Structure formats: structure tokens, C-alpha cells
Amino acid sequence: MANEKKEWPLWEVFIRAKNGLSHRHAGSVHAPDADIALRHARDTYTRRMEGVSIWVIRSSDIAASDPADAGPIFEPAESKVYRHPTFYVVPDHIKHI
Amino acid sequence: MTANEALFDYALRLGDDALILSQRLGEWCGHAPAIETDLTLTNVALDLIGQAMLLLGYAGEVEGKGRDADKLAFHRDATKYRNCLLVEQPNGDFGRTIARQFIFSTYQRALYQELTRSSDRRLAEIAAKALKETIYHADLAAEWVIRLGDGTEESHERMKAGFEWYWRFVEELFTAEPADAALIGAGIAVDPAKLRAPFDAALAATFAEATLALPKYPRPITGGRKGRHSEHLGHLLAEMQFLPRAYPDAVW
Amino acid sequence: MYTTEMSKNPTQLGPSAAEPPELIEAFEARVANDEFIEPKDWMPEAYRKTLIRQISQHAHSEIVGMLPEGNWITRAPSLRRKAVLLAKVQDEGGHGLYLYSAAETLGTSRDDMIDALHSGKAKYSTIFNYPTLNWADIGAIGWLVDGAAIMNQVPLQRTSYGPYARAMVRVCKEESFHQRQGFEIMMQMAAGTPEQKAMAQDAMDRWWWPALMMFGPPDENSPNTAQSVRWRIKRETNDELRQKFVDVTVPQAQAIGLTVPDPDLKWDEARGHYDYGAIDWDEFWAVVKGEGPVAKERMKARTEAWEKGAWVREAAMAHAAKQAARRQKEAANG
Ligand SMILES: [Fe+2]
Ligand SMILES: [Fe+2]
Ligand SMILES: [Fe+2]
């Protein structure tokens with residue numbers, strides 16, 4: 001990739017659709033810097049009133065878990081059913097619990 | 001000129017500026033330096049078409065001769081167009097396009113800011129809606145002036161050359177027409193002389209960041225507001241108006 | 001759309017010796033089970049390569065596809081039509097952007113994909129190598145070309161590769177107005193003055209067959225279909241989609257009084273489908289090879305835009321580097 005240095009870096013775009021909701025990943029844009037990345041994100045991902053707030057983050061700054069380690073990372077939670085309310089039996093005549 | 005004719009002319013000027021610049025920006029569509037930039041320029045063009053539709057629509061109502069925005073846009077010859085010379089200039093390279101956008105949007109932002117207080121309710125409403133768009137355009141253009149001015153040697157030279165093309169057209173933006181006096185007195189129109197200070201301040205701030213030297217303005221070229229345009233407008237209109245002119249009975 | 005295969009030879013798709021069979025098996029099972037594959041998941045090299053080719057080809061098509069319609073932006077006959085067309089062509093640019101981004105998650109870069117397009121290594125949909133000659137062409141493109149594209153793209157919202165599927169969801173949402181605005185133009189012109197009606201029919205005559213070609217070569221001539229369907233990067237075969245397109249479009253043409261330029265077109269009661277005439281596949285392959293009527297103009301426009309924009313892209317990077325250096329210096333001086 002001879003062009004790597006010249007190419008505008010990639011940014012991940014997160015949009016809050018409306019207040020009260022979290023920012024959600026919308027896609028990516030290329031931009032030379034954060035300010036222009038926000039503008040590119042606005043012009044690309046909020047043309048149809050999709051958002052009230054935008055985050056951008058350099059894609060290369062994201063640390064991600066490795067799917068190859070998904071077993072050790074996520075499966076241990078499967079055996080902890082006691083973290084869920086349905087694990088506990090409460091007689092029918094007991095209300096509001 | 002009656003008061004009504006003066007108001008018609010004033011609304012026409014505002015609408016023609018927006019229309020002609022959107023036409024120019026539309027020429028970029030599909031040809032910009034990056035896909036993202038393409039979407040950006042198109043968004044500005046779309047905002048300006050929207051403004052043109054409102055302003056020319058209002059001009060037609062004021063005139064009261066049954067001409068709507070399309071009639072005014074597509075069935076008027078160059079001498080009847082009232083836009084400033086700045087907006088009809090060919091795009092040139094991206095630097096020149098950004099220079100034009102910076103000058104125009106910075107002026108238009110100051111203008112709309114004042115016009116939101118117009119005693120003409122319709123103009124005030126249109127200005128309030130358009131102001132939000134225009135603030136964005138002016139900031140966007142300033143950001144690019146800074147990046148190109150303070151980028152590479154080549155971009156600095158191109159940004160400089162882009163502005164050099166336009167300095168002679170700046171004075172026109174801040175010059176009132178004789179018929180405006182009554183409109184300004186009635187609080188309908190904005191006195192353009194009042195817009196010069198905020199324009200100069202914004203320009204100085206951006207140019208400092210962009211490492212660009214402040215302009216030495218040459219002898220101004222004016223005439224657009226009176227229908228005396230550059231050679232470019234005729235060609236622009238010939239292209240833009242071709243279909244409705246060639247098929248006057250057709251509805252599209 | 002534009003996911004058409006454009007190679008006559010099957011891609012070498014057999015498992016490579018270096019790939020562990022148990023990983024391949026697990027991968028195939030996940031895909032067969034309708035699961036999504038995400039960027040960091042293990043995937044066979046052939047899957048990755050096929051996807052990069054298909055997604056980048058699709059992205060190129062969106063970007064080159066801005067040109068034929070862009071040709072009429074400055075001549076749109078009303079302010080409303082101008083705004084609609086600008087917004088539509090802008091959407092296509094956005095589609096290209098979403099798709100390039102999806103392909104980038106597979107380990108390629110946008111610059112490399114664009115280089116491949118400009119050097120002629122990468123293909124794009126044949127349809128955009130035809131000229132737009134009158135205003136009704138804008139109607140015909142929205143109605144027929146976007147119509148064909150939508151037909152191809154809707155099933156791809158469930159394609160096996162997550163980023164591609166998500167890009168297609170966004171694309172399909174935006175496409176919905178494209179076909180309608182095109183049909184509206186055609187409908188208006190078909191009901192307009194005699195000159196307008198002639199323009200509409202002329203556009204129909206020129207765009208009908210290229211639109212049918214958009215679905216790609218006939219199934220017996222489509223070497224990668226089986227593999228692509230199994231991997232869910234293609235959901236229906238070329239001929240199935242083409243038939244569907246003919247079946248929905250012919251009644252629309254009839255409803256607005258336009259003639260489909262196919263003397264062999266007739267309703268087949270027994271099949272419950274329209275029979276249509278033979279497609280000129282020689283023309284198709286010639287256009288694929290870059291011999292389309294305005295292929296040279298399209299590539300020239302794209303490469304020129306890219307080359308003329310180089311100084312802008314470089315300047316912005318140079319400015320970002322200067323800013324970063326200034327910030328670092330400030331931090332050091334505390
Ligand atoms: Fe598409
Ligand atoms: Fe598209
Ligand atoms: Fe489309």
C-alpha cells in the first residue's frame with residue numbers, strides 16, 4: 001500500500017438518533033482531522049435527520065476483543081444464570097417483587 | 001421605482017445570489033477531490049437551492065404578475081438577473097471554489113443575521129431559516145481556507161490565487177442600490193455597509209490562521225445588481241434554462 | 001446493485017492448502033446457519049477475495065453512476081427537479097462511501113480500490129457506460145436502473161458478511177425515493193407534449209436492454225453463482241432476478257403508455273411470467289471489456305477528478321500534521 005501515508009485516515013462514526021438514546025455506530029468516513037471528520041459524518045450520515053449528536057473516533061484508536069477468544073471471554077457468563085431475575089422462584093401470591 | 005418594485009428587486013437579488021451559486025456548486029457533483037467532499041459541496045448546493053426557491057417565490061408574489069420561482073429562474077435573460085458578479089464566476093479549482101464560498105457565505109451570514117430583524121415578516125422568516133444553513137457554510141469554508149492556506153506550499157499558492165480572482169468583486173456585496181434607501185429606512189432591507197465590519201473581522205481571523213496575507217483590494221468591478229454581468233452568466237443561463245426555453249409548453 | 005459478475009471464468013475457489021479444514025467447516029456451517037460473519041472472524045481467503053471484488057465493484061458502480069445523471073444537474077428543467085436530482089446523485093455518492101467502507105473492513109484500502117478502478121483492473125456496472133441524451137433519461141435511470149438495482153440489493157440486506165449487509169440496509173432505505181422520482185419524471189413526460197412523449201419513449205428504447213443486462217450473464221454462463229449463493233453473497237440467480245424485474249416493470253410501462261422495445265415480449269399464461277426476447281450478450285461483454293459507448297469519458301472524468309483533487313487531499317494531511325506538531329510542542333512547553 002504505497003498510498004498509505006497520503007490517504008485520509010478512517011474514522012468511525014457514532015450517531016445519537018435523539019436525546020435519551022445512546023450513540024450508535026453508523027459507519028465510517030475518511031477525513032484528515034477530527035473537525036473535518038465530524039463534518040463528513042454530518043454530510044454522510046445525518047442527511048435525513050438521523051441524528052442530534054455525532055461522535056467520531058479514529059478507527060485505529062479502537063481496541064477490539066478478538067473473536068478467536070470469544071469462548072474464554074463470553075462463555076463464562078453463560079453459567080451465571082443467578083444474575084437473571086427469572087432464576088428465582090417467588091410464589092404467585094407474593095406481589096410487587 | 002415604487003416601493004413594491006424595490007422590494008421585488010431586493011428579493012430577486014437575494015434569490016438570484018443563492019440560485020446562481022447553487023448552479024455553480026452543482027457542477028462539482030461527481031468531480032470533487034474526495035467522495036466526502038462531494039457530499040459536502042452538494043449539501044451546500046441543496047441549501048442554496050432551497051433558499052432560492054423561497055426567495056424567488058416571494059419575489060414573484062411581491063411582483064404580483066403570476067410569475068413563480070421557476071418562471072423567474074428559467075424565463076429571465078441575463079440582463080434581468082440581479083445576482084452579484086462573485087457567484088457567477090466559474091468554479092476554477094477547489095481552492096477558488098472555496099475562496100468564493102468563504103467570501104459569499106461570510107457576507108451572507110452577516111446579511112441574514114441582520115435580515116432576521118427585518119420589518120418584512122416573510123423576509124425575516126426566510127432569513128431565520130437560511131441563517132442556520134449559512135452559518136454552517138461560512139464555518140465550513142473557513143475550515144477549508146485554513147487547511148489549504150496552511151497546508152502545503154502548493155495549496156497555499158492555490159488558495160492565494162483563488163482569492164486573488166475574487167477581490168475585485170467584494171465591494172459589490174457591500175454596495176446599496178439607490179432604490180434601497182427607502183427599504184432600509186423602513187427597516188425592510190439591510191444596509192449592506194453595516195455588514196462590512198463583521199466581514200472584515202471574520203476574514204482577518206481566518207486569514208491569520210490560514211497564514212494568508214490580508215487582501216489589497218483592486219479597483220472594484222460591479223454591475224451585477226443592475227443586470228450588467230460578466231460574460232459567464234449568459235453561458236450559465238443558456239445551459240440552465242435550455243429545456244424550459246426550448247419547450248415552453250411542457251410541464252416537467 | 002451492480003454486483004454482477006463480470007468474469008467469464010470461474011474464480012479459483014477451492015480451499016487453499018494452508019487453510020485448516022476444521023476452520024473451513026466451522027465457517028461454512030455458520031454461513032449455512034444464517035449467521036453473520038464479522039470483520040475479525042476467521043474466513044477463507046477465497047471468501048474474502050470474492051467479497052472485496054464484489055463490494056468494491058458495487059462501490060465503483062455507485063461512484064461512476066453519479067456521472068450519467070450528474071450530466072443533467074445543471075440542465076434540470078425546474079428548481080424542484082434540480083434539487084431532487086442533486087439529492088439523488090448525492091445519495092449515490094454516499095452509497096459508494098458506505099460500500100468502500102465495508103470493503104475496507106476486509107483489509108483493503110480505499111486508495112487501492114480507487115487505483116484498481118482507474119487502472120482498469122476493477123470493473124463497474126456496464127449500465128453507466130451508456131450516455132444520457134435527453135431529460136427523460138434521468139427518469140429512465142431512476143425507474144429502470146435504480147429499479148433493477150433495488151431488486152438485486154434488497155436480498156443483500158441479509159448477505160452473510162455483516163458490514164456489507166449493514167451497508168445494504170442503509171442503501172436500500174435511501175434507494176426507495178430514487179425509483180419513484182424516476183418513474184414520476186417518466187409518467188409526467190409520457191403524459192406531456194408530443195415532444196416529451198417522444199423523449200420518454202426514446203429513453204425507454206435505449207435503457208431497457210442495458211437495464212436487463214444489469215442482472216449479469218445468464219445462469220448457465222455465470223460460473224460463480226453456486227458458490228456465491230452458498231456463501232449468501234448472492235441470494236437469487238441472475239435469471240431469476242431478471243425475470244422478476246421484467247414481470248413488475250412491463251405493467252408499469254403499459255400503465256403510462258410506453259412501449260417496451262421488445263417484439264418478442266408476451267405474457268406466458270402457463271409460466272405465469274413474461275417471455276422476453278434474446279439479450280445481446282456480445283454487447284454486454286464488449287461493454288464489460290470497456291468498449292461501452294461512453295466508457296472512455298466516464299473513466300476520464302473519474303481519473304481527472306481524482307488527480308485534480310490530489311493537492312487538496314495532501315494539503316489537508318499536511319495541515320493535520322502541522323497541527324499535531326504544534327500541539328506536541330505546546331504540551332512539551334507545558
Ligand atoms: Fe446501487
Ligand atoms: Fe445507489
Ligand atoms: Fe439509487
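This is a predicted model: local features need pLDDT of at least 70, side-chain atom pairs count only at pLDDT 80 or more; totals for chains, interfaces and linings use all residues.
Residues are numbered from 1 along each chain as its sequence is written, chains are lettered from A and ligands numbered from 1 in the order in which they are written, and side-chain values use heavy atoms, with hydrogens and water left out.

Q: What is the mean pLDDT of chain C?
A: pLDDT is the predictor's confidence in each residue, from 0 to 100. In chain C, 95% of the residues reach 70 or more. For the complex, the predictor gives an ipTM of 0.97 and a pTM of 0.95. The mean pLDDT of chain C is 93.

Q: Which residues coordinate the iron ion (ligand 3)?
A: Donors are N, O and S atoms within 2.8 Å of the metal (3.2 Å for Na, K and Ca), and water is not among the atoms, so sites may look incomplete. Along the chain, the donors of ligand 3 follow the spacing E-x53-D-x28-E-x2-H. At 1.9 to 2.6 Å, the coordinating residues are E92(C), D146(C), E175(C) and H178(C).

Q: Is the site of the iron ion (ligand 2) tetrahedral or irregular?
A: The donors here come from E62(C), E92(C), H95(C) and E175(C), at 2.0 to 2.3 Å. Four donors count as tetrahedral if all angles lie between 85 and 135 degrees; four count as square planar and six as octahedral if opposite donors are over 155 degrees apart and all others between 65 and 115; anything else is irregular. With angles of 82 to 163° among the four donor atoms, the site is irregular.

Q: Which residue coordinates both the iron ion (ligand 2) and the iron ion (ligand 1)?
A: These two ions are 3.2 Å apart, while ligand 3 and ligand 1 are 5.5 Å apart. The residue coordinating both ligand 2 and ligand 1 is E62(C).

Q: How many disulfides are there over all chains?
A: A disulfide is a pair of cysteine sulfur atoms within 2.5 Å. By that rule, the count over all chains is zero.

Q: Which helix gives the most to the lining of the largest pocket?
A: On a 1 Å grid over the protein atoms alone, a cavity is a set of points where a 1.4 Å probe fits but cannot get out, and a pocket is an open set with protein on both sides within 12 Å along at least five of seven lines; lining residues have an atom within 4 Å of a point. The largest pocket holds about 1500 Å³ and is lined by 46 residues, with H25(A) among those nearest its centre. With seven residues, the top contributor is α7(C).

Notes: Grid points are joined across faces, edges and corners, and a volume is the space filled by probe spheres set on the points. Helices (H or I, at least four residues) and strands (E, at least two) are DSSP runs, numbered from the N terminus.
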